[in-house]
Amino acid sequence: MKMKDLPEEDWFVNGHTACPGCGGATVVKIAMKVFGPDTITYFPANCLLVFGGTYPLNSFKVPYLHVLFENSAICAAGISRALKRLGKTDTSVVAFAGDGGTADIGIQALSGAAERNEDIIYVCYDNEAYMNTGIQRSGATPFGAWTTTTPVGSVEAGKGEYKKDIPRIMMAHDAPYVATATLGFIPDLLKKLEKAKNKKGCFRYLQIYAPCPPGWRMDASLGAKISKMVVDTGLWTLYEFEDGKMTINKKPKMTPVEEYTKLQGRFRHLTKENLAALQKYAEDKWRKDQALAEAYS
Amino acid sequence: MYEVRFHGRGGQGAVMAAQALADAAFVEGNYAVAFPWFGAERRGAPVLAFTRVDENKINIKTRVYNPDYIVVLDEKLMDFVNVAEGLSPDGMAILNSPLDPEEVDLGMSVKTATVDATTVALEVLGAPITNSAILGAFASATGLVSIDSVKQGILDIFGPRIGDKLAEKNARAAAAAHDRIKIGKCKAERTYPEAKKWLPTYQEMPLSLATKPTKTDSGLVGPGSSVENKTGSWRTFTPKYDEEACTNCLMCWFYCPDAAIKRLEPPKKVGFDMDYCKGCGICEEVCPADAIEMVR
Amino acid sequence: MAERRIVTGNYAAAYGALLSRVEVIAAYPITPQTFIVEHVSEFVNDGKLDAEYMPVESEHSAMSACVAATATGVRSYTATSSQGLALMHEVLYVAAGLHLPIVMPVVNRTIAAPIGIWCEHNDTMAERDSGWLQCFCENNQEVLDMVVQAYKVAENTKVLLPVMVNLDAFILSHTVEPVEFPDQKDVDEFLPRYDPKHAYLRPKDPMVVGSFASPEYIQEFRYQTEESTQNAKEVIRQVNDEFAEKFGRDYGGAVEEYRMDDAEVALITLGTVSATTRDVVDELRDEGKSVGLVKMRWFRPYPTEIIRDIASRVKALGVYDRAMSFGTGGPSYMDTKSALYGHSTIPVLGFLAGLGGRDVMVKDIRLMFERTLEAAKKDRVEKEVTWIGTRGVQP
């Protein structure tokens, strides 16, 4: 599907109360254009629940369920099993969870659903921290980033650990479809959303980079630009893992990570040593992802 | 006791201002409380904060419904929020506005102080953040706290959040605004439409809130109903569109988080729905033809 | 014709699901509930029960799956015990809040610490404010019958609340006794397919289920749950009577009274202690003592009006609890006193025994009656809560 072929109609409509420039809102808007009206959505306790589903208003024109925070994958699976009973297996069941709800508190249910190969699409919109509660560190927060729980203090500054690699964990489950995407590469993103939609009857995992201007201390207009840069630096590899075969979709230019970090206030405090460490992380990640693609070729 | 209601937008620091005022009153030996009211909105959406001050201990724990003073950090709010709602007729409005009090219309005539806090903030802080300057205006307009106490309140409350250096700058912004207020009485010409909210009885309310698209007296509820919420009022910058320059590449349409850009029938290209545009500027940023410019 | 077999309480609980034609089952094993999930998986794998079986990764997920499946519009089932129920805690509130008529057998087991696997009611009692309805069973026949009845109560449009069917660990779960199995055809007539009108997920008829709600809505939402809970009292009676008519077993509704005609005092019991108490009542009656049994079958909704009526006919009440609300007394005792305050001045005594799975002996129950008779005679409460069989504690 080309961008021009996306429908004009939205199933995630306007009037939502996301912050200006919200990457998560854009990801969901585009994903819903691809998934279309025959979709049931699930939301954990996240920004999306608040900005898209505060009673009595709701931004989704499709059926919408919220239960709790850590159970997105199992709730989506519960819907999907019920639909199977009702003979409605064409309907897509999609969970939209953030990185905290996925990498940290939700990983048990996610792992279980992947292992049982539940018939769901799980979209992790990754804004690299707990944004709904006001920018706290998650397992998916990158090295060095300021958050309100990794404050820039006189002894420690920013997150000391590296980003948890959830797509790799999903690959370790031999999930039928795992893909990473960003808003910066439109044809690649649309292809992956479409594949996730059309590959019925199995577990599908998408991790989509979702810029958060307030959380990243970034200008609200930079979401698209930063979504390209993160791939160019090697901090985010675009790939697909499909039926056991891994394909890298874009070779990074390996532009210095500093080009990327300097646009975001969350990295403002980074020292030369910090930047060197993050640079090394990007290079290591690219090396490891290539090796994985080779192993799963 | 006096009660103050602050009107701002998410991210403008109304809560910090309310707390700094409480701190200033506390420094002068009063009992003071300050608290926010958080709705579901995010950055840019209208928010409220409250301060209560008394010589004696304050026990009341409700929000403030009939304030003695209102403080408005963002003049655009007055276009669509009835900021004077419930304001005591003997009370006072302290507004961030370059206008004279007589030029401002709050829908009720009341003692009003205006200050161009945005200009003060740009001069002193280099950024249009008005939560400190407006406190200087509050001190001089009401005489309830001294400017020295307000400066102390800013240092105490802002310091731990944004650093002592920036807090000191903010204290200077308050002092600068202190001497630049204009006092008068505002106009009462406009009427604000009554805020509509669907408040069903428990019998009318869908069981467990499981709701289908439903038309109520107060508008649509349920799936797809957020279109009722016109988020265009959050906007500070507005896209200016040059249709001639537009190549109709649809990048702006794709990236708009608020689906405020629509594809139009040829030969027209795209149109902007200002009811929903929050002014993030992503359309200008992604436009390869420079056909969009964000303007104030 | 209904067949009779000797089976465990766990088998009865599982067979109740089969007879109820549950459509989605989410299961996670925990002692002493494990046989329930084993039996239902056998039913599914043997083709006796046509259902989606989800062997999930935790009880939290088991209840989440039931919530999502029921919200989609099908009948769902799970079972748990003790720590598993505690792990479900936050999901239980969602099930009740969203008015999803899930039925769940809970094999009542002590909650850690210290870890134990035997009977105590402190697992289910911790959830008494969750919005779930709770019934307690005395024998395996009742377990089977109550699973079927529970769906009928839960799915009644005046109720639409989930139900826990409580059975005592090991005392029922692992004990075989004769049970009559109703015909599927009769159960199908009694319990039609679940066809929700209030909450479902269908793309052609979209609905929002589960919203972020401001203070403007939540109080009315809570009132809806209160009203449904009150409505359940009448529905429980109707379903009991309909069941009795169809299957010939009348449990008396929310409360069963045993030898309560002209009884001077009564003991209120929950769970299997009710059975032993029947014998004790018979013995004491033979000895010329005027005692009776009040078997509380439904603890939520609390049968306030029935308890008030009983109190008006006796001179003192004893209340037996298998759980403690520390600093006060057993939950059933506290609720009894609360129901009677302002309506009755008779002495009400609380008794604790059998915690952690210790047997509740005939002599223990006799002591409860003796104390209650004494209080009736003196028309005075000398000791509010008596711990029976606790080393170092004078009962």
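**Chain A and its contacts**

Author: Let's start with one pair: Arg263(B) forms a salt bridge with Glu8(A), and their closest N and O atoms are 3.0 Å apart. (A salt bridge is a side-chain nitrogen of Lys or Arg within 4 Å of a carboxyl oxygen of Asp or Glu.) Before going on, keep in mind that this is a predicted model, where local features need pLDDT of at least 70 and side-chain atom pairs count only at pLDDT 80 or more, while totals for chains, interfaces and linings use all residues; side-chain values use heavy atoms, with hydrogens and water left out. To find your way, residues are numbered from 1 along each chain as its sequence is written, and chains are lettered from A and ligands numbered from 1 in the order in which they are written.

Back to chains A and B: the salt bridge count between them is one. There are also 28 residue pairs in polar contact between chain A and chain B, both residues being at pLDDT 80 or more. (A polar contact is a pair of N or O atoms within 3.5 Å; within protein, one must be able to donate a hydrogen and the other to accept it, and residues adjacent in sequence count only if both atoms are side-chain atoms.) On the side of chain A that touches chain B, at least two residues each come from α1 (23-35), α2 (47-52), α7 (186-198) and α9 (223-232) of chain A. (Helices, H or I with at least four residues, and strands, E with at least two, are DSSP runs numbered from the N terminus.) The largest share of that side, five residues, is supplied by α1(A). Sorted by class, the residues of chain A that touch chain B are 25 nonpolar, 13 polar and eight charged. (Ala, Val, Leu, Ile, Met, Phe, Trp, Tyr, Cys and Pro count as nonpolar, Asp, Glu, Lys and Arg as charged, and the others, Gly among them, as polar.)

How much of the two chains is involved? In all, 46 residues of chain A are in contact with 42 residues of chain B, contact meaning heavy atoms within 4.5 Å. The area buried between chain A and chain B is about 3,700 Å², and carbon and sulfur atoms give 58% of that. Within chain A, the residues that lose the most area to chain B are Glu8(A), Asn14(A) and Tyr55(A), together 19% of what that side buries. (Buried area is the accessible area, with a 1.4 Å probe, that two parts lose on being put together, summed over both.)

Now for chain C. Here 39 residues from chain A and 38 residues from chain C take part in the contact. Together they bury about 3,000 Å², with carbon and sulfur atoms giving 66%. Tyr55(A) comes up again, as Tyr55(A), Arg81(A) and Arg85(A) lose the most area in chain A to chain C, together 22% of what that side buries. The rule finds four salt bridges across the interface of chain A and chain C. Glu52(C) makes a salt bridge with Lys84(A), the closest N and O atoms being 3.6 Å apart. Across the interface of chain A and chain C there are also 12 residue pairs in polar contact, both at pLDDT 80 or more. β1 (39-43), α2, β2 (64-66), α3 (72-85) and α5 (107-115) of chain A each give two or more residues to the side that touches chain C. The largest share, 10 residues, comes from α3(A). By class, that side of chain A has 21 nonpolar, 10 polar and eight charged residues.

Finally, those backbone details. Most residues other than glycine have a negative phi, and most peptide bonds are trans. Leu209(B), though, has a positive phi near 60°, and it sits in the loop between β7 (182-185) and β8 (214-216) of chain B. Leu209(B) is buried, at 4% relative accessible area. (Buried means under 20%, exposed over 50%, partly exposed in between, with a 1.4 Å probe and protein chains only.) Ser82(C), in helix α4 (residues 82-97) of chain C, has a positive phi of about 45° although it is not a glycine. The peptide bond from Ala113(C) to Pro114(C) is cis, with omega near -10°, and Pro114(C) is in the loop between β5 and α5 (122-125) of chain C.
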